[in-house]
Amino acid sequence: MEKLEDVLDCYDICRKRIFRGRKMLMCESQDGLLYGVTESNLSEGRLQREYLVKQYLIQQGFTRVDQLCRNKEGNFLTEDRYHTTFLVKHFFNGRELEVGSLEEVRQGAYNLACLHTCARGMQTWIAEEERKLKEEAEKFEEMKETMDAYQWLFELFAKRNRELKRISVYMRKPGRKGEFVQAYNDCAELFLQEGKQTLECLQGMKEMMEYPQNGIASGFCHGSYQHHNVMRQDSDWATIGMEQFHFGAQLEDLYDFLRKVLEKNSYNYAYAQAVLKGYSEKNSLRDIDYRCLYLLLMYPEKFWKIANRYFNSKKTWVPPKMVEKLSNVVKQNQEKSDFLVKFREDFVGSAH
């Protein structure tokens, strides 16, 4: 706590109390505002971009975001006495979105649609602001309002399939032992085939997806939009955790939220309906969006993530949690398959 007080001394915050919060230390000011203090390895340049992103959202009326605070020297990063780097951001009282509540899931999807709507025009504004500040202006790339849906998904699935194939070869090398290796080899072929089938399904939709009018919305993406980063505050929602924001296909955010909600609720179809209804209340979804969501859900992403994490680790010791996660993916796979049959019937139809 003492070293955090040294950090907070560098900010214009009249402290009332310091206490432990979720994944960070919290500070309440004399005027009742909350601040979160956390370690950071990000650069000032990246944080400047994040600050501008949130500033634009606030100006557009999406005010409940965890905006970064500058210290007395005008910087976002502050070192403590041990040269550990911290940042401070505005924070909120509240609880996480209840992923088991259909109504809150619908509201969470609606909140995401509001975020995407308020972000329209952001890239042009940020480019202008950065030109004024002479920071990273030459690195900023203007993006079109729409993206080629087929090309985006083809590159995504093809890349992941190559990675899964490479990992599978590695895992079957002589001498590879352990509970995780055995569990992986027992189910790998199933998921490799699912990855291959997803890419084939996409290729079967190529002609339809390449129509000029079938581009998908491109723009600001939260990057980690899930229930952990949506907090109930009074009668509204606060949106936090935008450290992984980027500009790209906004459908990524909706897919991430939908996938997480479905995993937490055993692929109960009612939760998918709640998410899609909530988002559509603010941002209408088109046929191309539903087809992309279907393909994204079809791809064995959770298996790919677990395999990739193992392959890129030191592999000297595998946490039991990873074996448990792999086991859960296998157990949920039939639930997911049953869900996709109904989703395909309702939203994809004869294109499959």
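## Helices α3 and α8

Helix α3 (residues 102–118) packs against helix α8 (residues 251–264) at an angle of about 170°, and their axes are 10 Å apart. This arrangement comes from a predicted model. Angles over 145 degrees count as roughly antiparallel, and α3 and α8 are therefore roughly antiparallel to each other. The crossing of α3 past α8 is right-handed.

On the α3 side, the contact is made by Val 105, Gly 108, Ala 109, Leu 112 and His 116. Helix α8 contributes Asp 253, Leu 254, Phe 257 and Val 261. By class, the residues of this contact between α3 and α8 divide into six nonpolar, two polar and one charged.

## Gln 226 and its surroundings

Gln 226 is placed in the loop between β8 (216–221) and β9 (230–233). Leaving aside residues up to four places away in sequence, Gln 226 touches Phe 257 and Lys 260. Phe 257 is also one of the α8 residues in the contact with α3.

Gln 226 and Arg 95 are 131 residues apart along the chain, and their C-alpha atoms are separated by 13 Å.

## Helix α5

Helix α5 covers residues 149–171, and its end C-alpha atoms are 33 Å apart.

The N-terminal end of α5 is capped by Asp 148. A side-chain oxygen of Asp 148 lies 3.0 Å from the backbone nitrogen of Tyr 150.

## Helices α5 and α11

The axes of α5 and α11 come within 10 Å and cross at roughly 55°. That angle makes α5 oblique to α11. The crossing of α5 past α11 is left-handed.

From α5, the residues in the contact are Arg 160, Glu 163, Leu 164, Arg 166, Ile 167, Tyr 170 and Met 171. They meet Glu 301, Phe 303, Trp 304, Ala 307, Asn 308, Tyr 310 and Phe 311 in α11. The residues of this contact divide into nine nonpolar, one polar and four charged.

## Helices α11 and α12

Helix α11 (residues 301–311) also packs with helix α12 (residues 320–348); their axes come within 10 Å and cross at roughly 155°. With over 145 degrees counted as roughly antiparallel, α11 and α12 are therefore roughly antiparallel to each other. Their crossing is left-handed.

Lys 302, Phe 303, Ile 306, Arg 309 and Tyr 310 of α11 make the contact with Met 322, Lys 325, Leu 326 and Val 329 of α12. The residues of this contact of α11 with α12 divide into six nonpolar, no polar and three charged. Phe 303 and Tyr 310 of α11 take part in the contact with α12, and both also meet α5.

How values were computed: Residues numbered from 1 in each chain as written. Predicted model: local features only at pLDDT ≥ 70, side-chain atom pairs only at ≥ 80, totals over all residues. Heavy atoms only, no water. Helix = DSSP H or I, 4+ residues; strand = E, 2+ residues; numbered from the N terminus. Expected span 1.5 Å × (residues − 1). Polar contact = N/O pair within 3.5 Å; in protein donor to acceptor, adjacent residues only side chain to side chain. Axes fitted to C-alpha atoms, helices over the stretch in contact; angles between N-to-C directions. Parallel < 35°, antiparallel > 145°, perpendicular 65-115°, else oblique. Left-handed = near helix turned anticlockwise from the far one by under 90°. Contact = heavy atoms within 4.5 Å. Nonpolar A, V, L, I, M, F, W, Y, C, P; charged D, E, K, R; others polar.
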